Amino acid sequence: MKLILLFSLLLTAFLSNAEEEFDDGFDDNIDDIIIETAPPPEKNSVYGSVNFETHYNLNNNKNISSTKLLLDLTTDYKMDNGFKVNSNLKAYHDFIFYASNNYETTPSNYENELNLNELNIEGSINANLDFKIGRQIVVWGKSDSIRITDILNPLDNRAPGLIDIKNLRLGRLMSKLDYYQDNLKFSTAILHENRFSENPKFGSDFKNSADLPENTPSNGLKNTGIALSLTGEFSGYDFGVYFADTYLDKPYFKEGALQFDNRSKMLGLAYNKVVDSFLLKTEIAYFNNIKYTGLNDTKSRIDSLIGVEYTGISDGSIGYELALRKINHYDAIINTQFNNFTRQETYQHALRFTQSYLNQTLNLTAISGVFGKQGDAGGFARISLEYAIDDKLSISGGIIDYIGGSTATDAIKNNDRIFTKISYSF
């Protein structure tokens, strides 16, 4: 009840602030301009990409660790009444598990995968109210490399550090309403599906211990979650206030299995502000009732983030984010193996640099993500190049270095690899 009351107070405060700022915000006639100049939308569209990707390990005896053919297919169909049906299908086959290789076993779901990541219908009920029902992706928060309030969709974490978060999100079945008023959007979502992140499996480069049985909550009515948000975009700044009551993507060990019934309420706030060529970011979230292995009571946790991005570089940018996760009323038993040796305070840093060359056909990305107050608890550093040969064909490649420094990161520090990809877009 206290969380709901606090959320209501924040909601009222931001609504008051928004009304004061509107006159200095967007042009009243911008929608009319877009309607007059934009070409008529196509009724149907099918697009996506076919990719061939391979990894070569540098510091262990696995050599080629992936030779994968991937399909990413998106379809949009607009109905006569204006409603739209969207879908996204992801599929792959990894040939490394077909031929002779240095792997003793095929990790579960690593050889083939067919993932209907999104399937939903959306439309407008009136000029201010939209709906979207089905499996979908909803992004919360303002940070790019570290998740604080962005908790609604799980991630595919099976190859840590290799892919940006924006391409890792897994769809989740929910029913969402969006109400627009001037520069504000109020959203409410019913979370029907309890879907959790895909983490490394036994036999892969990133896990050498046996997979444990998992008990996950059913998708029945009693396990349905709820999510509320208020976001606003104004001249020079934007914000988001978030509340969710759902199962966290953090299992604990009990009775011989990983238990995923870790239900918590989250209240969060995100704020971005532009100052000259700098984008300043901040996020904070409070979680209650978090269960840990070996504890009878629950703990609360506060996650916070500050960040800055500089865009004054021609065709480039550099950004830094720092996150701190702090467990309240800490118990030393949390710093054990079944709790991943989690300390009371966990620091995470992300430094990212991007630069485009040759009329933006050649793109460089360099990113480092490390843990520890001084960045000394391990993580990764990745650098990659992507070159667009033409509108449809591109090639990319790079190298990732896994850095040790803690029990968790030392276990994977020898998985450094070179990766390449050829992509055909259609």
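The following exercises, each with a worked solution, concern the predicted model shown above.

Residues are numbered from 1 along each chain as its sequence is written, and side-chain values use heavy atoms, with hydrogens and water left out. In this predicted model, local features need pLDDT of at least 70 and side-chain atom pairs count only at pLDDT 80 or more, while totals for chains, interfaces and linings use all residues.

**Exercise 1. Overall description**

Task: State how many helices and strands the protein has, and what percentage of its residues count as buried.

Solution. Step one is the secondary structure, which comes to three helices and 21 strands. Helices (H or I, at least four residues) and strands (E, at least two) are DSSP runs, numbered from the N terminus. Step two is burial: of the 426 residues, 41% count as buried. Here buried means under 20% relative accessible area, exposed over 50%, and partly exposed in between (1.4 Å probe, protein chains only). Step three is the surface, for which the accessible area is about 23,000 Å², with 56% belonging to carbon and sulfur atoms. These areas come from the Shrake-Rupley method with a 1.4 Å probe; for residues, only the protein chains shown count as cover. Step four is the contact pattern: among contacts between residues at least 6 apart in sequence, 56% join residues at least 24 apart. Contact means heavy atoms within 4.5 Å.

**Exercise 2. Two polar side chains**

Task: Determine whether Arg382 and Asn415 are buried or exposed, and identify what their side chains reach.

Solution. Begin with Arg382, which is placed in strand 19 (residues 379-388). Its relative accessible area is 7%, so Arg382 is buried. The side chain of Arg382 reaches the backbone oxygen of Gly161 at 2.6 Å. Leaving aside residues up to four places away in sequence, Arg382 touches several others, including Leu162, Asp164, Thr365 and Phe419.

With residues up to four places away in sequence not counted, Asn415 touches Asn57, Asn60, Asp205, Phe206 and Tyr402.

**Exercise 3. Positive phi in loops**

Task: Locate Asn109 and Asp182, and classify the accessibility of each.

Solution. Most residues other than glycine have a negative phi. Asn109, although not a glycine, has a positive phi of about 65°. Asn109 lies in the loop between strand 3 (84-94) and strand 4 (112-124). Its relative accessibility is 45%, so Asn109 counts as partly exposed.

Asp182 lies in the loop between strand 6 (172-181) and strand 7 (184-191). In the hairpin of these strands, with two residues between them, Asp182 takes a positive phi near 55°. Asp182 counts as exposed because its relative accessibility is 55%.

**Exercise 4. Strand pairing**

Task: Describe how strand 6 pairs with strand 5 and with strand 7.

Solution. Two strands pair if DSSP finds at least two bridges between them. Strand 5 (residues 129-136) and strand 6 run antiparallel and are joined by eight bridges; Gly134 has Met174 as its bridge partner in strand 6. Strand 6 and strand 7 are likewise antiparallel, with eight bridges, and Asp178 stands opposite Ser187 in strand 7.

**Exercise 5. Aromatic rings**

Task: Identify the aromatic pairs that Phe234 forms with Tyr237 and Phe239, and find which charged residues lie over Tyr110 and Tyr292.

Solution. The whole structure contains 10 aromatic pairs. Phe234 and Tyr237 form a stacked pair, 5.2 Å centre to centre with 20° between the planes. Phe234 and Phe239 are also stacked, at 6.2 Å centre to centre and 5° between the planes. Rings of Phe, Tyr and Trp (its six-membered ring) pair if their centres lie within 6.5 Å; planes under 30 degrees apart count as stacked, over 60 as edge-to-face and the rest as tilted. Both Phe234 and Phe239 are buried, and Tyr237 is buried at 11% relative accessible area. Phe234, Tyr237, Phe239 and Tyr271 form one aromatic cluster.

For the charges, the charged end of Arg158 sits over the ring of Tyr110, 5.7 Å from its centre. Lys250 lies over the face of Tyr292, at 4.4 Å from the ring centre. The criterion is that NZ of Lys or CZ of Arg is within 6 Å of the ring centre and within 35 degrees of the ring normal.

Notes:
A polar contact is a pair of N or O atoms within 3.5 Å; within protein, one must be able to donate a hydrogen and the other to accept it, and residues adjacent in sequence count only if both atoms are side-chain atoms.
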